[in-house]
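Morning, everyone. Please look at the screen, and I'll walk you through one chain.

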Amino acid sequence: MITIKAVEERILNAIQPEADALGIEVVRIRMMGGRTPTLQIMIEKTEGGTDVEDCADFSRAISPALDVHDFIDNKYHLEISTPGIDRPLTRAKDFAAWMGHLAKVELKIPIDGRRRFQGEITGEENGVVTLLMEDETELEANVSEMSKASLVLTEELIEAAQAKGDLPDAEDGAYDEIEEEGDEPDTVEEDER
């Protein structure tokens, strides 16, 4: 997984059995700061079609493990959500699954002074991703060299998400106009823990 902190890895290890039992994959886990921090966990069903009920079920399933291990010293918010359409790409298999679509990638260490790239995903092999940029140059980078990556919202991506069952079919042009912010994922937020 791209850029995972030690506490996030411990939490992931503790909740993984529940995820496996429910047929859910953890796409991203992130502890975000603030006065009352938020533990954000993005999930998806192995076969796709994840919805808010799946988020609620997963939240209920992992709460005992989070309470027993007490990973976070102070109060925090737990947020369980789906990745959304312009989803983060955190694993090599995410890039492979969305081959042919546009992605934004930020590298940990710059190449020729540049960290941010955008291009079509044209390959993934053994964790090395290839992006074809608009100027016809290619970027090859290992997922472990990335600090973050996500899909870019396009009409083609919306159509592909609908075909995979990750998005309802458009009704009378509901997705005719693509907004810059992208799709809002299904989310379940709990009160402070």
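Which residues in helix 4 are buried? They are Leu157, Ile158, Ala160, Ala161 and Gln162. And what do the buried residues of helix 4 pack against? Strand 8.

Before I go on, a word of caution. This is a predicted model. The mean pLDDT of the chain is 87. Of its residues, 84% reach 70 or more. One stretch needs care: over residues 171–183, the pLDDT is below 50. In the model, that stretch still has 19 contacts beyond near neighbours in sequence.

Back to helix 4, which covers residues 155–164. Look just ahead of it. Thr154 sits in the loop that joins strand 8, residues 146–151, to this helix. Is Thr154 buried or exposed? Its relative accessibility is 16%, so it counts as buried, the cut-off being under 20%. Now find its side chain. A polar atom there lies 3.0 Å from the backbone nitrogen of Leu157. Leu157 is one of the buried residues of helix 4.

Next, another threonine. Thr90 is in the loop between strand 3 and helix 3, residues 92–97. Thr90 has a relative accessible area of 5%, so it is buried. What does it touch, leaving out residues up to four places away in sequence? Met1, Ile2, Val27, Arg28 and Val143. Pick out Val27 from that list. Its backbone oxygen lies 2.4 Å from a polar atom of the Thr90 side chain.

Now to a strand. Val105 belongs to strand 4, residues 102–111. Val105 has a relative accessibility of 3%, and therefore counts as buried. Who surrounds it? Setting aside neighbours within four places in sequence, Val105 contacts Phe95, Arg115, Arg116, Phe117, Leu131, Met146, Lys148 and Ala149. Here is a distance to check on screen. Val105 and Ala141 are 36 residues apart along the chain. Their C-alpha atoms are separated by 9.4 Å.

On to a helix pair. Two packed helices are described by the angle between their axes and the distance between the axes. Take helix 1, residues 6–22, and helix 2. They pack at an angle of about 150°. Their axes are 9 Å apart. The crossing is right-handed. Which residues meet there? From helix 1, we have Ile11, Ala14, Ile15, Glu18, Ala19 and Leu22. From helix 2, we have Asp57, Phe58, Ala61, Ile62, Ala65, Leu66 and His69. Sort the residues of this contact by type, and you get 10 nonpolar, one polar and two charged. An α-helix has 3.6 residues a turn, so residues three or four places apart point the same way.

Last topic: backbone angles. Most residues other than glycine have a negative phi. Here are two with a positive value. Asp70 has a phi near 50°. Where is Asp70? In the loop between helix 2, residues 52–69, and strand 3, residues 77–81. The other is Glu136, with a phi of about 70°. Glu136 lies in the loop between strand 6, residues 128–133, and strand 7, residues 138–142. Is Glu136 buried or exposed? At 60% relative accessibility, it counts as exposed, because the cut-off is over 50%.

That's my tour. Questions, please.

Methods. Residues are numbered from 1 along each chain as its sequence is written. This is a predicted model: local features need pLDDT of at least 70, side-chain atom pairs count only at pLDDT 80 or more; totals for chains, interfaces and linings use all residues. Side-chain values use heavy atoms; hydrogens and water are left out. Helices (H or I, at least four residues) and strands (E, at least two) are DSSP runs, numbered from the N terminus. Buried means under 20% relative accessible area, exposed over 50%, partly exposed in between (1.4 Å probe, protein chains only). A polar contact is a pair of N or O atoms within 3.5 Å; within protein, one must be able to donate a hydrogen and the other to accept it, and residues adjacent in sequence count only if both atoms are side-chain atoms. Contact means heavy atoms within 4.5 Å. pLDDT is the predictor's confidence in each residue, from 0 to 100. Axes are lines fitted to C-alpha atoms, for helices over the stretch in contact, and angles run from 0 to 180 degrees between N-to-C directions. A crossing is left-handed if the near helix is turned anticlockwise from the far one by less than a right angle, and right-handed if clockwise. Ala, Val, Leu, Ile, Met, Phe, Trp, Tyr, Cys and Pro count as nonpolar, Asp, Glu, Lys and Arg as charged, and the others, Gly among them, as polar.
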